[in-house]
Amino acid sequence: MVLSEAGIRALFPEIDEISDAELRRNVADIWIEVAAEAAWDRLEDVPKNLDAERDRRLTDHIRGVTRMALALAEIGEREQGTPYNRDYLIACCLLHDVSKIVETEPDLEGRPTDGPALPARKSALGAKIQHAAYATHKVFEKGLPLEIAHVVLTHTHASNMRSTSVEGAYLFYADYADSDAAIHKVGGRTFAERWHLG
Ligand SMILES: [Fe+2]
């Protein structure tokens with residue numbers, strides 16, 4: 001899949017809210033480079049996941065997470081005076097699931113979905129490498145701040161570590177809130193229902 005920076009900005013308008021031009025360009029470049037490795041023809045065809053949210057687009061999820069995380073951060077700052085790095089938060093939200101497009105591949109024989117996303121299955125990379133590890137590799141490859149690598153790597157329960165930053169907390173809760181909004185709408189079992197603290 002060949003993507004341009006203009007294509008990324010059209011899919012993820014939130015990228016323009018990153019004030020640091022170099023960070024903005026690196027976030028777009030990571031998407032363009034990972035897309036070039038993906039087996040998908042269009043980013044809009046990639047599903048959010050392979051089970052409860054297989055009907056919805058990953059791109060819609062990423063936008064929802066970014067907007068929700070920014071709302072959490074803005075209210076946390078306004079009501080509690082909690083500072084956060086807005087550029088880092090937007091970059092982390094936009095990059096947290098970038099590796100899903102190479103962790104999955106189209107499944108032409110797969111059961112049709114009820115939504116805009118296409119049937120998918122795990123790729124060889126998805127079967128052998130933990131979710132978000134490849135996204136984190138790209139973050140390091142671009143020389144982005146360690147703080148961004150930390151949040152991208154730890155955003156998933158597949159990680160052996162949890163995030164220690166407030167940007168990580170906002171991404172973590174927004175990630176599940178966006179998913180639960182989609183799951184609840186179709187009567188599914190939400191992440192909140194399955195929640196356990198360990
Ligand atoms: Fe996510």
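Reader: How does Ala158 count by its relative accessibility?
Author: This is a predicted model, in which local features need pLDDT of at least 70 and side-chain atom pairs count only at pLDDT 80 or more, while totals for chains, interfaces and linings use all residues. Residues are numbered from 1 along each chain as its sequence is written, and side-chain values use heavy atoms, with hydrogens and water left out. Ala158 sits in the loop between H8 and H9; helices (H or I, at least four residues) and strands (E, at least two) are DSSP runs numbered from the N terminus. Buried means under 20% relative accessible area and exposed over 50%, with partly exposed in between (1.4 Å probe, protein chains only), so Ala158 at 40% counts as partly exposed.

Reader: How far is Ala158 from Glu44 in space, C-alpha to C-alpha?
Author: In sequence, Ala158 and Glu44 are 114 residues apart. From C-alpha to C-alpha, the separation of the two is 25 Å.

Reader: How many of the ten residues of helix H4 are buried?
Author: Helix H4 covers residues 86–95 and is largely enclosed by the rest of the structure. Its buried residues are Asp87, Leu89, Ile90, Ala91, Cys92, Cys93, Leu94 and Leu95. The count of buried residues in H4 is therefore eight.

Reader: Which helices are among what covers the buried residues of H4?
Author: Cover is judged by contact, meaning heavy atoms within 4.5 Å. For the buried residues of H4, what covers them includes H2 (21–37), H3 (58–80), H7 (133–141), H8 (146–154) and H9 (166–185).

Reader: Which residues are the protein donors of the iron ion?
Author: Donors are N, O and S atoms within 2.8 Å of the metal (3.2 Å for Na, K and Ca), and water is not among the atoms, so sites may look incomplete. Here the donor atoms lie 2.2 to 2.3 Å from the iron ion. Along the chain, their spacing is H-x34-H-D-x77-D. The donors are His61 (NE2), His96 (NE2), Asp97 (OD) and Asp175 (OD).

Reader: What is the arrangement of the four donor atoms around the iron ion?
Author: Four donors count as tetrahedral if all angles lie between 85 and 135 degrees; four count as square planar and six as octahedral if opposite donors are over 155 degrees apart and all others between 65 and 115, and anything else is irregular. The angles at this iron ion run from 78 to 171°, which makes the arrangement irregular.

Reader: How many disulfides does the structure hold?
Author: A disulfide requires a pair of cysteine sulfur atoms within 2.5 Å. For Cys92, the closest cysteine sulfur is that of Cys93 at 6.9 Å, too far for a bond. Cys92 is buried at 1% relative accessible area, and Cys93 is buried at 0%. The number of disulfides is zero.

Reader: Which residues have the most contacts inside the largest nonpolar core?
Author: A nonpolar core is a set of buried Ala, Val, Leu, Ile, Met, Phe, Trp, Tyr and Cys residues joined through side-chain atoms within 4.5 Å. The largest such core has 47 residues. Those with the most contacts inside it are Val27, Trp31, Leu95 and Ile101.

Reader: Which residues is Leu58 in contact with, leaving aside its neighbours within four places in sequence?
Author: Leu58 lies in helix H3 and counts as buried at 1% relative accessibility. Beyond the sequence neighbours left aside, Leu58 is in contact with Val46, Pro47, Lys48, Asp97, Lys100 and Ile101.

Reader: How far is the backbone oxygen of Ala117 from a polar atom of the side chain of Thr113?
Author: Thr113 is in the loop between strand E1 (104–106) and strand E2 (120–122), and at 15% relative accessibility it counts as buried. The backbone oxygen of Gly115 is 3.1 Å from a polar atom of the Thr113 side chain. For the backbone oxygen of Ala117, the distance to a polar atom of that side chain is 2.6 Å.

Key: A polar contact is a pair of N or O atoms within 3.5 Å; within protein, one must be able to donate a hydrogen and the other to accept it, and residues adjacent in sequence count only if both atoms are side-chain atoms.
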